[in-house]
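Trainee: Before I use these labels in my notes, I would like to know what each one rests on.
Mentor: Then ask about them one at a time.
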Amino acid sequence: MQRECVFGVAGAVLLATAGITACQGDATAAPAGAARIVEDTDDEAVIELSDGRRVSLRYRAGTGLLERHRSAGGKPWSHSTTVYATKADPCRGIDLKANRATVTVRANFGQYCRDGEPPAESVAAVGTGGLGKWDTRIAKNWDGWDRVDIARNGMSATFSAKSSAGTTTLDWRAGKGFGEITTTYKKLGERFLGTWRAEDGSHRVTFRQSEVNVPASATVETLEGPTCTVRMDLINIWEDRVQPRGVKVLEGERTTYCPPEEFNSEYVVTAAGGSMELRNLGDATPLVTYRKS
């Protein structure tokens with residue numbers, strides 16, 4: 001299994017400004033003094049730290065993720081300790097990264113995970129100093145962390161994963177351990193924010209900006225006829241259009257365009273200050289035209 005393995009000096013958290021890449025079969029790529037991967041298989045990864053110590057993380061069937069380390073100069077390995085105990089099958093290999101005496105681990109487990117199913121358990125772990133203690137955080141039913149960035153001084157690290165909806169992060173701080181997992185959702189363009197009234201007077205749509213752990217949303221309310229109020233998350237966001245998902249009925253019953261057809265509609269504002277249209281996906285013909293209130 002070939003993966004990108006980035007080590008060496010990292011910049012501020014969330015942005016590696018000077019990285020060194022070293023992968024399986026290329027153990028000489030890292031310059032002197034930089035951490036380097038010396039073994040990288042599906043079931044075990046070994047990293048050599050800048051001080052010459054080596055750290056091994058490996059899967060053991062029915063046990064989970066095990067760690068051992070040894071001093072520079074080929075001294076005996078320490079006894080293995082369990083970083084994360086699970087009977088689930090591992091997948092996607094083990095990703096190690098190090099800066100100074102801080103080592104980070106990303107690993108995943110789940111039934112049929114090696115057959116392509118998403119992991120059910122995603123591990124983020126950090127060991128420091130003598131590596132006798134590891135901080136571990138498990139995310140359930142999560143598609144795994146894309147990367148981790150270690151601060152230049154090795155005192156903090158950020159695990160992150162990007163999706164079409166936004167960026168999810170998990171911060172670690174020396175002496176404090178892991179914080180809370182947070183998601184920063186995409187921002188809704190200013191042209192959408194506020195309340196829009198349908199030209200036929202039948203209903204209105206109010207758009208609200210995203211917050212930490214809360215996606216942008218739209219609320220549809222009928223102004224005549226049967227009562228209907230629904231709220232929708234706005235996950236797919238572009239500059240001039242948004243697509244509603246996750247409809248929740250707040251009051252009354254569903255009616256025409258309250259809500260619009262999920263997975264087959266979008267709100268479009270082609271120019272700031274202009275009108276808004278509700279359209280079917282792939283069709284430029286407006287179903288409803290709105291003016292900002």
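What follows is a set of questions on the labels, with answers.

Mentor: The model is predicted, so local features need pLDDT of at least 70 and side-chain atom pairs count only at pLDDT 80 or more, while totals for chains, interfaces and linings use all residues. Residues are numbered from 1 along each chain as its sequence is written, and side-chain values use heavy atoms, with hydrogens and water left out.

Trainee: Why is the pair of Tyr59 and Phe109 called edge-to-face?
Mentor: Rings of Phe, Tyr and Trp (its six-membered ring) pair if their centres lie within 6.5 Å; planes under 30 degrees apart are stacked, over 60 edge-to-face, and the rest tilted. The count by this rule is eight aromatic pairs. For Tyr59 and Phe109 the centres are 5.2 Å apart and the planes stand at 80°, so the pair is edge-to-face. Tyr59 belongs to strand E5 (residues 54-60) and Phe109 to strand E9 (residues 102-109), 50 residues apart. Strands (E) are DSSP runs of at least two residues, numbered from the N terminus.

Trainee: What makes the pair of Trp142 and Trp145 tilted?
Mentor: Their centres are 5.2 Å apart, with 50° between the planes. Ring pairs also link Trp142, Trp145, Phe159 and Phe178 into a cluster.

Trainee: How do you know whether Trp142 and Trp145 are buried or partly exposed?
Mentor: Buried means under 20% relative accessible area, exposed over 50%, and partly exposed in between (1.4 Å probe, protein chains only). Trp142 has 24%, so Trp142 is partly exposed. Trp145 has 7%, so Trp145 is buried.

Trainee: And why is Ser202 called buried?
Mentor: Because the relative accessible area of Ser202 is 19%. Ser202 lies in the loop between E17 and strand E18 (203-208).

Trainee: What joins the side chains of Ser202 and Asp200?
Mentor: A polar contact of 2.7 Å. The term means a pair of N or O atoms within 3.5 Å; within protein, one must be able to donate a hydrogen and the other to accept it, and residues adjacent in sequence count only if both atoms are side-chain atoms.

Trainee: How do you know that Arg68 lies over the face of Trp77?
Mentor: The rule asks for NZ of Lys or CZ of Arg within 6 Å of the ring centre and within 35 degrees of the ring normal. Arg68 is at 4.5 Å from the ring centre of Trp77. Arg241 lies over the face of Trp238 at 4.1 Å from the ring centre.

Terms used
Helices (H or I, at least four residues) and strands (E, at least two) are DSSP runs, numbered from the N terminus.
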